Amino acid sequence: MRTSRTRHGNDTGNGDGPGGGSAGGGRQWARADATRHALLSAAQQVFADRGYADAGIAEIVERSGISVGSLYHHYGGKAGLYVALWEDLTAEQEASAAQAVSAARKSGESDPIALFTSGARAYLLVCWERREAARLFLAGEGPSGSSLMRRSRAQHWIAQNTKLLRGPAPGEPAGRADQVLSLVLTTVIGEAGREIATAENEAEAAEIIDEVCRILIRLAR
């Protein structure tokens with residue numbers, strides 16, 4: 001699990017970044033990073049076991065071995081932990097997809113649909129690799145505002161996919177057909193991610209990913 005720093009970009013207490021300042025500042029940053037990791041790991045376990053609504057701060061603190069004061073300092077409470085876990089997962093999905101598209105371009109691929117499929121495959125692989133985290137968000141549970149958070153991210157993905165599928169910018173805004181195609185394909189990927197996160201094993205997940213990519217190519221063309 002990567003440790004989210006979205007809420008507190010600087011936890012050294014002395015203004016030094018992770019790569020600068022004194023050795024003491026570096027150790028303090030490392031301790032803060034370890035604290036966040038422990039809290040997120042424990043929160044993920046408790047959310048998975050209890051569901052968001054029934055998860056308790058006391059149990060998260062007990063499993064993490066971190067004080068309740070540190071939990072509130074870094075994440076502000078249960079909702080902050082949930083959001084940090086979600087942001088951590090979605091950031092990894094987005095980064096993996098972008099890296100795959102970039103690698104395909106560097107290898108000489110220029111077909112927009114092939115590039116799109118490369119990104120989709122990378123995204124879906126993260127759904128399997130981070131399946132414990134991905135399963136947390138399948139039921140739609142979460143703090144107030146989480147549904148809006150998901151819709152906003154979905155709109156972002158649709159906009160990015162629309163640009164990718166259109167290829168080199170032709171100079172005019174995307175038409176309705178382009179937008180609808182991107183909406184359909186992005187929805188297919190999202191629903192496939194749910195199936196992959198709950199697959200029985202790696203072989204089943206790989207089979208689903210391969211089939212989804214074939215479907216995406218057929219739909220896009």
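Visitor: Is the crossing where α5 passes α8 left-handed or right-handed?
Guide: Keep in mind that this is a predicted model. The two helices to look for are α5, residues 112-129, and α8, residues 176-197. Where α5 passes α8, the crossing is right-handed.

Visitor: How are α5 and α8 oriented, roughly parallel or roughly antiparallel?
Guide: Their axes come within 8 Å and cross at roughly 30 degrees. Angles under 35 degrees count as roughly parallel. That makes α5 and α8 roughly parallel.

Visitor: How many nonpolar, polar and charged residues are in the contact of α5 with α8?
Guide: On the α5 side you'll find F116, A120, Y123, L124, C127 and W128. They meet L185, I189, A192, G193, I196 and A197 of α8. Gly counts as polar, and G193 is on the α8 side. Sorted by class, the contact comes to 11 nonpolar, 1 polar and no charged residues.

Visitor: What about α8 and α9: are they roughly parallel or roughly antiparallel?
Guide: Helix α9 covers residues 202-220, and its axis comes within 10 Å of that of α8. The two cross at roughly 170 degrees, and angles over 145 count as roughly antiparallel. So α8 and α9 are roughly antiparallel.

Visitor: Which residues of α9 meet α8, and how do the residues of that contact divide by class?
Guide: From α8 come L181, L185, V188, I189, A192, E195 and I196. Their partners in α9 are A205, I208, I209, V212, L216, L219 and A220. Glu counts as charged, and E195 is on the α8 side. The contact of α8 with α9 divides into 13 nonpolar, no polar and 1 charged.

Visitor: At what angle do α5 and α7 pack, and which residues make the contact?
Guide: Helix α7 spans residues 146-166, and its axis is 8 Å from that of α5, at an angle of about 145 degrees. P112, L115, F116 and Y123 of α5 make the contact with W157, N161, L164 and L165 of α7. By class, that contact has 7 nonpolar, 1 polar and no charged residues.

Visitor: Stepping back, how many helices and strands does the chain have?
Guide: Read along the sequence, the pattern goes α-α-α-α-α-α-α-α-α. That gives a count of 9 helices and 0 strands.

Visitor: What percentage of the residues in the chain are buried?
Guide: The accessible surface comes to about 11500 Å², with 51% of that belonging to carbon and sulfur atoms. Of the 221 residues in the chain, the buried ones make up 39%.

Key:
Residues numbered from 1 in each chain as written. Predicted model: local features only at pLDDT ≥ 70, side-chain atom pairs only at ≥ 80, totals over all residues. Heavy atoms only, no water. Helix = DSSP H or I, 4+ residues; strand = E, 2+ residues; numbered from the N terminus. Buried < 20%, exposed > 50% of the residue type's maximum accessible area, 1.4 Å probe, protein only. Areas by Shrake-Rupley, 256 points an atom, 1.4 Å probe, with all protein chains shown as cover. Axes fitted to C-alpha atoms, helices over the stretch in contact; angles between N-to-C directions. Parallel < 35°, antiparallel > 145°, perpendicular 65-115°, else oblique. Left-handed = near helix turned anticlockwise from the far one by under 90°. Contact = heavy atoms within 4.5 Å.
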